[in-house]
Amino acid sequence: MLTSSRTFSAGEEFAYNLKALKRATVVGETTGGGAYPTEFVRVSDHWGIGLPTARAINPVTGTNWEGTGVKPDVEVPAAGALEKAFELAGRRRK
């Protein structure tokens with residue numbers, strides 16, 4: 001699975017869960033670190049805040065990726081992640 005520093009939220013959860021289950025090799029960059037869904041709450045006419053409304057907890061690890069992101073198994077710049085994934089799979093990109 002390919003990731004970058006711009007991979008966030010649901011994409012991170014998918015990568016985190018597959019990695020925890022040892023169902024995928026994550027290749028690329030550490031993700032953004034957004035595990036908690038938030039809701040925008042207006043405080044006044046000019047101010048609002050984003051409040052976390054839930055927590056994602058993986059049953060295998062007992063943790064999540066909030067604030068730390070998903071660290072790839074093979075760390076490479078995002079621009080080279082696809083090529084590296086092909087290399088790891090023992091294939092050439094066509």
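**Overall layout**

Tutor: Along the sequence, the protein runs β-α-β-β-β-β-α. Helices (H or I, at least four residues) and strands (E, at least two) are DSSP runs, numbered from the N terminus. This is a predicted model, where local features need pLDDT of at least 70 and side-chain atom pairs count only at pLDDT 80 or more, while totals for chains, interfaces and linings use all residues. Residues are numbered from 1 along each chain as its sequence is written, and side-chain values use heavy atoms, with hydrogens and water left out.

Student: How many helices and strands is that?
Tutor: Two helices and five strands.

Student: What does the C-alpha trace span along its principal axes?
Tutor: About 55 × 30 × 20 Å. The radius of gyration is 16 Å, whereas a compact globule of 94 residues would have one near 12 Å. That radius is taken over C-alpha atoms, and the globule rule is 2.2 Å times the number of residues to the power 0.38.

Student: What percentage of the residues is buried?
Tutor: Of the 94 residues, 26%. Buried means under 20% relative accessible area, with a 1.4 Å probe and protein chains only.

Student: New topic. Is strand β3 in the open or buried?
Tutor: β3 covers residues 38–42, and zero of its five residues are buried, so it lies largely in the open.

Student: Which way do β3 and β4 pair?
Tutor: Antiparallel, over five bridges, with β4 at residues 48–52. Two strands pair if DSSP finds at least two bridges between them. A hairpin through five residues joins β3 to β4.

Student: Which residue in β4 is the bridge partner of Val 41?
Tutor: Ile 49.

Notes: Buried means under 20% relative accessible area, exposed over 50%, partly exposed in between (1.4 Å probe, protein chains only).
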